[in-house]
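Colleague: Please take one part of this model, the pocket, and go through it closely. I would like the answer to include the elements around it and how they are arranged.

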Amino acid sequence: TLVIDGYHKLYSVYLNIATGGAYNKGEDFEAQKYARAHRMSDEFLDLCLQSPLPYVTFTTWNAKEADVAGQKGGPAHEFPDLPGKAAKEMVGKFSVVCFSRVTEQRLPDGRLVGEWGLKPDSKVWGNSVKMDARLVGKLPATCPQNFKQLYQIVTQAQQEVETENSGTVA
């Protein structure tokens, strides 16, 4: 298993390299430098995702992104806090993308309960589970922030699809 916690920070390292240090110094730089940072980021993501590791997990902070590009102050949704196309490219590479949010519920010891979004909604466009559409259709919109429970939910949906398939006459 590989876990990269805070990919938005790693991406800023690529951007700093691509700009010759200008990014971290707060200096202006040519917009074309983003393309080099995107390529470095993309190469690293591909290396990780093509590895023989059974699980590759990345976390990143999110930020508000306008529903209509360039429209400030209008409706917005959550998306990974990466510049330009980097957020969409990253989301597109992973088979499961979950947005983490805190619910109003509390555990008996007072801790807040969190959930993962599994499907896009009006507030979070990046949630996605890329697998057989019949299986995805059986998943809930959210699930508890617990890998064991997520595995159980996906396994149950997979078993339901297999049961439906076994009842189909060829």
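The answer below starts with the chain and then turns to the pocket and its surroundings.

Modeller: The model is predicted, so local features need pLDDT of at least 70 and side-chain atom pairs count only at pLDDT 80 or more, while totals for chains, interfaces and linings use all residues. Residues are numbered from 1 along each chain as its sequence is written, and side-chain values use heavy atoms, with hydrogens and water left out.

The protein chain has 170 residues, of which 31% are buried (under 20% relative accessible area; exposed is over 50% and partly exposed in between, with a 1.4 Å probe and protein chains only). Its secondary structure comprises six helices and nine strands, taken as DSSP runs of H or I with at least four residues and of E with at least two, numbered from the N terminus. The C-alpha trace spans about 60 × 40 × 35 Å along the principal axes. Of the contacts in the chain with a separation of 6 or more, 47% are between residues 24 or more positions apart; a contact is a pair of heavy atoms within 4.5 Å.

The largest pocket holds about 1200 Å³ of space. A pocket is an open set of points on a 1 Å grid over the protein atoms alone, with protein on both sides within 12 Å along at least five of seven lines; a cavity is a set where a 1.4 Å probe fits but cannot get out, and lining residues have an atom within 4 Å of a point. Grid points are joined across faces, edges and corners, and the volume is the space filled by probe spheres set on them.

The lining of the largest pocket has 39 residues, and those closest to the centre are Thr57, Val96, Val97, Cys98 and Phe147. Two or more lining residues come from each of β2 (56–59), β4, α4, β5 (96–97), β6 and α6. Helix α6 gives the largest share, six residues. By class, the lining has 25 nonpolar, twelve polar and two charged residues; Ala, Val, Leu, Ile, Met, Phe, Trp, Tyr, Cys and Pro count as nonpolar, Asp, Glu, Lys and Arg as charged, and the others, Gly among them, as polar.

Helix α6 covers residues 147–166 and lies across β7 and β9, at about 135° to β9. Angles run from 0 to 180 degrees between N-to-C directions, with axes fitted to C-alpha atoms, for helices over the stretch in contact. Strands β7 and β9 belong to an open antiparallel sheet of three strands, in the order β6-β7-β9. Since β6 (99–106) and β9 (142–144) are at the edges with a single partner strand each, one side of each has no neighbour in the sheet. From one strand to the next, the twist averages 40°. Strand β6, one of the contributors to the pocket lining, is joined by five bridges to β7 (residues 112–117), and the two run antiparallel; strands pair if DSSP finds at least two bridges between them. Within this pairing, Val102 is opposite Gly114 in β7.

Strand β4 also contributes to the lining. Four of the five residues of β4 (residues 76–80) are buried, so the strand is largely enclosed by the rest of the structure. Beyond its neighbours within four places in sequence, Pro80 contacts Thr60, Trp61, Asn62, Ala87 and Val91. Trp61 is 19 residues away from Pro80 along the chain, with 5.9 Å between the C-alpha atoms.

Helix α4 (86–93) has a part in the largest cavity too, as α3 (33–49) and α4 are the elements that give two or more residues to that lining. The structure has one cavity of 30 Å³ or more, and the largest cavity is about 40 Å³ in volume. Its lining consists of Tyr11, His38, Ser41, Asp42, Leu45, Ala86 and Glu89, with the largest share, four residues, from α3. These lining residues divide into three nonpolar, two polar and two charged.

The second largest pocket holds about 170 Å³ of space. Among the residues lining it are Glu65, Ala66, His77, Lys88 and Trp125. The lining of this second largest pocket has three nonpolar, three polar and four charged residues.
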